[in-house]
Amino acid sequence: MVISDQTVYAYAVGRVRALETRLLDRGRLERMIEAATADEALKVLAESDYAGAVGELADLYDFEQLLAAELKNVFKTVLRISPAPDQIAILALRYDVHNLKVLFKEKYLGLKSDLLIDAGTLDHENLQYAVNEDDFRDLPEQLRKASEKISEEFLLNRNPQMIDIAFDQALYSRLLAETARLKSEFLTGLFTRQIDLINLKSLIRVKRMRFDRDFLRKVLLLGGRLTPERFILLVDEPLEALITSLAMTDYADLIAEGVRDWIERGSAARLEKLSDDFISAYLKRSKWTPFGPEPLIGYLWAKEMEINNIRLILVGKINKLPAEAIRERLRDGYL
Amino acid sequence: MEVRVNPTRMELNRLKKRLKMAERGHKLLKDKRDELIRQFLILVRKNKELREEIEKELSGAFAQFLLARAVMPSVILEEALMYPTKKLCLEIHKQNIMSVYAPKFTWVEEESTQGEESSIYPYGFVETTAELDSSIETLSAVLSRLMELAEVEKAVQLLAEEIEKTRRRVNALEYVLIPKLAETLKYISMKLDENERGALTRLMKIKDVVRAKM
């Protein structure tokens, strides 16, 4: 559905503006980091919008359930208020893809797990049926192709990495196809940027694993703003070459800082944080669009980042990580 | 606390044999104990070295894993690691260390595919953090040494048990059985001597009586 008159977004945008004010701000996250114990961090969290959920939490270690429920609710709320739910639904597609990966692995391992995520758009039972019966007719086209490929090839090579790679490829080609159909430049911009950042990270990871360019070719996602060839050419170059080679792109700053940090400390933390912040910055640019899906998408992303930050802090607090290690991984807020 | 026996010459011979046997056993067991302790010390040293090395590596890997865990939702992390790429086939044989049967491990890695696809990384790169890679790499590298450690540690445990048993036997022989036998032997020989002396005096007495009558 393509909406020509964007004023139908008036209500949804207004609603999201109100919800945005309840996002956790930097100060509160900082207080959680400074808390002496995980319990105290949780108390700080309980002062916020999470009060009800925290109150129901029986055990501190169940916080993942709290976060999963929150994620599901956020998607439900935004889907409900959005006049064009299909624009929102494609953002939940990665959870469907996750569920498909889980179901395929369950099938080949012959066991059951409880790793499914509720926030997806496709019904778990239908997915389960499709995977069990090799009947993928009802899946979106790209996912169907990936599923068919896996069910043909997996038993021959038994490589679980292939499942993940095939579905990751399918996910992003699906996302790009959908945004093209919806003619949403904003979403296309978002996904192509995500693809570039993922490809960039994949390149460095493949280099670190000392695999060759054929492997990289399989892993790289198509459709980004930078062509896969640019990355493939860099496989045999030292990492420093990456910084100069991509110096003329939008990613120059983040690459210079993130990759240098990776080279020096052997840790991807900085680059990953900067990548997420880059996406946040992109979304923030359209934050003040008065009528349109942009603020909704921005809010969803902000909420996902917030949930990731809470997880990071709680895991860090439970395991007594130094505050600095938590802080350097903390994603920037959307506010 | 001597053994209650009949003080006969036959019993004396029997006990003498037992004492000799006990002494021989004691000597053998003592040798066995010394050798066991020597072996034990070698293994314990090796064990300590291995353990310290592995613990250092593991704690590094766990720290990295924790960081990966902190930036990924647990379900996505578990999905990523759900299906392992490698299967390890472990065969357990026995090895004889001083008649202690310790396990001897041999293992073969069954690989699911060939070439670079047989990587240790069972996950795709989109949803996973790069911090996971290094921890998986360390964990996978440490695995074979971990098995070696398990082997050595089990051997050390079994040896320790055996040493304890042997030592108890040695002590039982040295402080209980051998003194007891020696004492009994002494008792019997004294009793026999006593009897002999009794017989002698009796004979002399009879001789006196007979002589007086003549």
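How many residue pairs are in polar contact between chain A and chain B? The count is 15 residue pairs, both members being at pLDDT 80 or more, where a polar contact is a pair of N or O atoms within 3.5 Å, of which, within protein, one must be able to donate a hydrogen and the other to accept it, residues adjacent in sequence counting only if both atoms are side-chain atoms. The model is predicted, so local features need pLDDT of at least 70 and side-chain atom pairs count only at pLDDT 80 or more, while totals for chains, interfaces and linings use all residues. Residues are numbered from 1 along each chain as its sequence is written, chains are lettered from A and ligands numbered from 1 in the order in which they are written, and side-chain values use heavy atoms, with hydrogens and water left out.

Between chain A and chain B there are also six salt bridges, a salt bridge being a side-chain nitrogen of Lys or Arg within 4 Å of a carboxyl oxygen of Asp or Glu. One of the salt bridges joins Lys105(A) to Glu79(B), with the closest N and O atoms 3.0 Å apart. Several helices give two or more residues to the side of chain A that touches chain B, among them H5 (63–81), H7 (93–109) and H10 (160–182) of chain A; helices (H or I, at least four residues) are DSSP runs, numbered from the N terminus. H7(A) gives the most to this side, with eight residues.

In terms of contact (heavy atoms within 4.5 Å), 51 residues of chain A meet 35 residues of chain B. The area buried between the two chains is about 3800 Å², of which carbon and sulfur atoms give 61%; buried area is the accessible area (1.4 Å probe) that two parts lose on being put together, summed over both. Leu115(A), Gln161(A) and Arg205(A) supply 16% of the area that chain A buries against chain B, more than any other three residues.

Turning to the backbone, most residues other than glycine have a negative phi. Lys183(A), in the loop between H10 and H11 of chain A, has a positive phi of about 55 degrees although it is not a glycine. Lys183(A) counts as exposed at 66% relative accessibility, exposed meaning over 50% relative accessible area (1.4 Å probe, protein chains only). Lys320(A), in the loop between H17 and helix H18 (323–327) of chain A, likewise has a positive phi, near 55 degrees, and is exposed at 70% relative accessibility.

Definitions and conventions. Buried < 20%, exposed > 50% of the residue type's maximum accessible area, 1.4 Å probe, protein only.
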